[in-house]
Amino acid sequence: MTEWIGDTFTSDVGWSHLERLVDIGDRMAGSKGEHRALEATREALADVGARDARVDSFPVQGWVRGDSAVVAGDRTLPSIALPRSPSASATGRLVDLGDGLPADFDRDLSGDVVLVSSTVPDHVDRFIHRREKYYRAVEAGAAAFVFRNHVPGQLPPTGSVGTEDAPIGDIPAVGVSKEVGAQLARRDADTAVTVRVDCEVPEAESGNVHADVGPDTDAAVYLTSHVDAHDIAEGALDNGAGTAMVVEVARVLTERADDLDTRVHLACFGSEEVGLVGSGHDAATADDVRAVCNLDGVCAGRTLKAHVGGFDGVGEAFERVGRRYDHPVTVVPEHLPHSDHWPFVARGLPGCMVSAETGDRGRGWGHTEADTLDKLEARTFREQAVLLAEVVVELARADADLEALPGEQVAAALERQGEAEGMRLTGDWPF
């Protein structure tokens, strides 16, 4: 029976939900917009036939943007504060650390303002996350942190520099565009600059959306995304598309309920962008997880990419679907510990993060005000909905190879990938 494929190629359910999310505006963790998006997603899942759709709330440290500035001589340059930066001002010698590789911080930066890129060179084996660069700057004694985009277009990047355990950073942190960063590096290196951040940090409330489809089994395959987005943009790619895809795939699975051997649990998390708070909240107590398929960055390109982290059965499910539909799917065997599957994988539970091939390293338009709906295509969304629905059916098979891994095996894999040192530094090491 393949009628569901035609239904998916003509469905506007998921894409309409994506439009609804981006039209909300600010979906920052703990904000009124995030609450509206959570409730809208609950309604959308109920409307496609998922059962017991609900929003479970939890407290979160809020962060509300005020003004920010980078002052160099008599110039005040455009910037945006990085979430969970403290409200503070610092003046120091500007030090351009280029790509911000670990060795670049191996010096005394006491009182300095460090300038680092949002990417790393292709010859570097691993992508170095923004928070790792921030923590290395703090550890080296820096007074402020300036994060410059590597994507042109006058687009200062955002992104959290804190975690749930340490929600407010130690030094003020801002993002600047590639063009402003180049100007600072050329004109102001080794001279005094000032970085100022004004923000508020109220107590707030976030939440996770939950629903189920398929048989009422004890164990479940989790299909997940995050609802929140940074306050500077529509958050279409990151991660409106992922949440809209959960809704579309849920619609398909209600039509294909007889194909499911295992319950599929739909979880759309809040507060991912400030340290995986929503997924961490659930993962701490979830006792029904058979596997996690997390969508974060789908639709950025036509070819799906799944980081499967050594869970061979998960990777094989993607490969089987790719062969079945004669459609390329990239399976990456490494762990990617920076999205909502990770709190589950850290417990050894099978999990993957699904994004898309873009041909570029880094986030592209993501985490900038250019993360808007016009960058995405409904054609790609519908193609990927077909593939992802089939992957979830594969993972929900009674005989699916979904064996958990011992924590020491996950830890050893991260050591081999070169991730462990940075994760220990940022407080993200769970072992």
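A disulfide here is a pair of cysteine sulfur atoms within 2.5 Å. The structure, a predicted model, holds zero of them.

**Stop 1: the cysteines.** Select Cys 268 and Cys 293. The closest cysteine sulfur to that of Cys 268 sits in Cys 293, 12 Å away, which is too far for a bond. Now check the surface around Cys 268. Its relative accessible area is 0%, so Cys 268 is buried. Move to Cys 199. This cysteine is buried as well, at 15% relative accessible area.

**Stop 2: a contact across the sequence.** Which residues does Gly 66 contact, leaving aside neighbours within four places in sequence? They are Asp 198 and Cys 199. Gly 66 is found in strand 2. With 35% relative accessibility, Gly 66 counts as partly exposed.

Stop 3: Eight of them form an open sheet with mixed pairing, in the order 3-2-9-5-6-7-8-4. Look at the edges: strand 3 (75–77) and strand 4 (80–81) stand there. Each has a single partner strand, so one side of each is left without a neighbour in the sheet. Zoom in on strand 4 and strand 8 (residues 173–176). They run antiparallel and are joined by two bridges. Ala 81 stands opposite Val 174 in strand 8.

**Stop 4: helices across the sheet.** Show helix 4 (residues 130–139). It lies across strand 6 (113–117), strand 7 (144–148) and strand 8. Relative to strand 7, helix 4 runs at about 150 degrees. Next, show helix 5 (residues 178–187). The strands it lies across include strand 2 (64–72), strand 3 and strand 5 (88–96). Strand 6, strand 7 and strand 8 also lie under that list. Helix 5 runs at about 145 degrees to strand 3.

**Stop 5: the nonpolar cores.** Select Leu 266 and Val 354. These residues have the most contacts inside the largest nonpolar core, which has 76 residues. Helix 6 (residues 236–255) supplies the largest share of this core, 11 residues. A second, separate core has 27 residues, among them Ala 29, Val 70, Leu 94 and Val 195.

Finish on Leu 266. What does Leu 266 touch, not counting residues up to four places away in sequence? Its contacts include Leu 45, Ala 50, Val 209, His 210 and Ala 211. Val 213, Leu 223, Val 246 and Ala 250 are touched too.

Key. Residues are numbered from 1 along each chain as its sequence is written. This is a predicted model: local features need pLDDT of at least 70, side-chain atom pairs count only at pLDDT 80 or more; totals for chains, interfaces and linings use all residues. Side-chain values use heavy atoms; hydrogens and water are left out. Buried means under 20% relative accessible area, exposed over 50%, partly exposed in between (1.4 Å probe, protein chains only). A nonpolar core is a set of buried Ala, Val, Leu, Ile, Met, Phe, Trp, Tyr and Cys residues joined through side-chain atoms within 4.5 Å. Helices (H or I, at least four residues) and strands (E, at least two) are DSSP runs, numbered from the N terminus. Contact means heavy atoms within 4.5 Å. Two strands pair if DSSP finds at least two bridges between them. Axes are lines fitted to C-alpha atoms, for helices over the stretch in contact, and angles run from 0 to 180 degrees between N-to-C directions.
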